[in-house]
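Morning, everyone. Let's go through the side-chain contacts on this one.

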Amino acid sequence: MSSSTVEPTLPPPDRTTPGPSSREAHLARTQHHPPVGRRPPSRLADLAGLVDVHALALLRATVGIVFVGFGVLKLFPSASPAEQLAVDAATKMTLGLVPETVLLLSLAALETAIGIGLIVGRRLLRPALVAFFLHMGGVYSTLVLLPDAMWQPHSPAPTMEGQYVVKNVVLVAVCLVVAANEWVRHPRPRRTAG
């Protein structure tokens with residue numbers, strides 16, 4: 001006895017009612033079952049994408065705000081906890097030839113200008129970055145110029161003031177990233193011998 005299987009036949013498509021397009025069918029499938037290994041978009045992913053797009057501007061602005069804040073504090077007597085430390089270091093660097101008031105106002109103006117340059121960007125960014133790195137050289141020189149204030153006695157551990165200086169390594173790293181991006185994106189044109 002022979003067996004035969006009958007395959008079911010589908011009715012012919014109804015030409016009067018349009019079916020979903022292939023795009024609509026794909027969307028319907030992926031809404032309920034996202035592809036393996038991919039997560040559906042979320043607000044967190046949207047936020048991460050937004051931060052990624054504006055990361056360099058965010059870095060510039062945050063360091064700029066910090067610098068404007070520290071610079072403005074130095075305009076008011078005894079408002080900045082780092083005021084005396086900055087004046088002592090600057091006095092040693094200038095061999096005591098510049099009055100303390102002038103040094104403090106100069107530091108306040110410099111830090112505020114660096115902050116504004118970082119926040120605004122554009123043509124102010126490169127001068128602000130150069131001034132920032134020169135200023136950081138002066139800041140880190142305090143570790144050598146004022147060892148009694150920077151380091152605990154008989155210990156390689158920094159004092160509170162020393163920690164205040166050392167933590168600037170984070171700002172230096174941020175500005176290195178900003179500077180690298182700026183110089184790669186807008187390299188200076190090479191001069192040709194003519």
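**Charges and rings**

Start with Arg126: at a relative accessible area of 16%, Arg126 is buried. Keep in mind throughout that this is a predicted model.

What does Arg126 pair with in a salt bridge? The partner is Glu182, and the closest N and O atoms are 3.5 Å apart. Glu182 sits in helix α9, residues 169-185, and Arg126 in helix α6, residues 125-145. So this pair ties together parts that are 56 residues apart in sequence. Glu182 is buried too, with a relative accessible area of 8%.

Arg126 has another contact. Its charged end sits over the ring of Trp183, 4.7 Å from the ring centre.

How many salt bridges turn up in the whole structure? Two. Besides the Glu182 bridge, there is one between the side chains of Lys74 and Glu111, at 3.0 Å from N to O. Here too, distant parts of the chain are linked. Lys74 is in the loop between α3 and α4 (83-93). Glu111 is in helix α5, residues 100-120.

Buried or exposed? Lys74 is buried, at 4% relative accessible area. Glu111 is buried as well, at 7%.

Now the rings. The count is three aromatic pairs. Take Phe70 and Tyr164: they form a tilted pair, 6.3 Å centre to centre, with 35° between the planes.

Phe70 is partly exposed, at 30% relative accessibility. Tyr164 is partly exposed, at 27%.

Next, Phe132 and Phe133. That pair is edge-to-face, 5.1 Å centre to centre, with 75° between the planes. Phe132 counts as buried, at 0% relative accessibility. Phe133 is partly exposed, at 29%.

Which charged residue sits over its ring? Lys167 does, with its charged end 4.6 Å from the ring centre.

To recap, Arg126 has a salt bridge to Glu182 and a charged end over Trp183. Tyr164 pairs with Phe70 and has the charged end of Lys167 over its ring.

Methods:
Residues numbered from 1 in each chain as written. Predicted model: local features only at pLDDT ≥ 70, side-chain atom pairs only at ≥ 80, totals over all residues. Heavy atoms only, no water. Phe/Tyr/Trp six-rings, centres within 6.5 Å; stacked < 30°, edge-to-face > 60°. Buried < 20%, exposed > 50% of the residue type's maximum accessible area, 1.4 Å probe, protein only. Lys NZ or Arg CZ within 6 Å of the ring centre and 35° of its normal. Salt bridge = Lys/Arg side-chain N within 4 Å of Asp/Glu carboxyl O. Helix = DSSP H or I, 4+ residues; strand = E, 2+ residues; numbered from the N terminus.
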